[in-house]
Amino acid sequence: MNSRIKRLAVAALATATATLGLTVANPAPASAAMTICYNTSQAPSYAGIANQAASIWNNATNNLTLTANCGTNLRIYQITGGGSYAQRTSLGNGRVYIDTQQAAQYSPLRIMTHEIGHILGLPDNYNGNCAILMSGGSAGTSCTNPYPSTTEANRVSSLFAGTLSATDRSSGTSSQIFRDSWPGLLTVG
């Protein structure tokens, strides 16, 4: 069975057990993907976008599976004003805040995928390059690319495989708040 099928089987099992009210720690062998459960109950307008972002990360990485509403590793909130941001408490755990006003200007899927990237251990990269997901809003409002670059995806896979050195890993695992990825709202006047 290839790794993609194994990951999908783990995700399906986690969703089924959550639906039945059962609690199961990652039921797969240690070599399988880690399951990160995300909850969208505080961001109902963005649940579909969160599911798309999770699918993007699931397809781009090897060692993790994001699964909806099976727990609370990652909570997603909908806010109005103040900017979209992420607060990582540890690798794979934290909160994402999606600002409805920013999501009206920037691609909501790019914002969601970017902010989840912080929870998965990636820092901001304000280089303005639309091909780099973690460049965030520095790429401008016309950038709608929601996909991590190969380098970004490989870094996340390495973090979750535990294959990075302790020094490299520490930058992706500490508690941190990531703000100002998305420039302030544009005003017409």
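Analyst: What follows begins with the whole chain, turns to the disulfides, and then looks at their surroundings.

The model is a predicted one, in which local features need pLDDT of at least 70 and side-chain atom pairs count only at pLDDT 80 or more, while totals for chains, interfaces and linings use all residues. Residues are numbered from 1 along each chain as its sequence is written, and side-chain values use heavy atoms, with hydrogens and water left out.

The protein chain holds six helices and six strands, where helices (H or I, at least four residues) and strands (E, at least two) are DSSP runs numbered from the N terminus. Read from the N terminus on, these elements follow the order α-β-α-β-β-β-β-α-α-α-α-β. Of the 189 residues in the protein chain, 46% are buried; here buried means under 20% relative accessible area, exposed means over 50%, and partly exposed lies in between, using a 1.4 Å probe and protein chains only.

A disulfide is a covalent bond between the sulfur atoms of two cysteines, and here a pair counts as one if its sulfur atoms are within 2.5 Å. How many disulfides does a search of the whole structure find? The search finds two, and when the bonded cysteines of the protein chain are numbered in sequence order, their pairing is 1-2, 3-4.

The link of Cys37 and Cys70 is left-handed, with -100 degrees about the S-S bond. Cys37 counts as buried because its relative accessible area is 10%.

The other disulfide is formed by Cys130 and Cys143, whose sulfur atoms are 2.0 Å apart. Both Cys130 and Cys143 lie in the loop between helix 4 (108-119) and helix 5, so the pair ties together parts that are 13 residues apart in sequence. With 85 degrees about the S-S bond, the link of Cys130 and Cys143 is right-handed. Is each of these two cysteines buried or partly exposed? Cys130 is partly exposed, because its relative accessible area is 29%, whereas Cys143 counts as buried because its relative accessibility is 3%.

Strand 1 (residues 34-42) and strand 2 run parallel and are joined by five bridges, and two strands are said to pair if DSSP finds at least two bridges between them. Among these partners, Tyr38 is bridged to Ala68 in strand 2. Between strand 1 and strand 2 the chain passes through helix 2 (residues 47-60), and this β-α-β crossover is right-handed, which means that, with the strands pointing away from the viewer, the path from the first strand over the helix to the second runs clockwise. Strand 2 (residues 64-68) is mostly covered, as four of its five residues are buried.

The loop between strand 2 and strand 3 also contains Asn69. Asn69 has a phi near 55 degrees, a positive value in a residue other than glycine, and Asn69 counts as partly exposed because its relative accessibility is 44%.

Leaving aside neighbours within four places in sequence, the residues in contact with Ile76 include Tyr38, Val96 and Met112, where contact means heavy atoms within 4.5 Å.

In helix 5 the buried residues include Glu152, Val156 and Phe160, and just after helix 5, Gly162 takes a positive phi of about 75 degrees.
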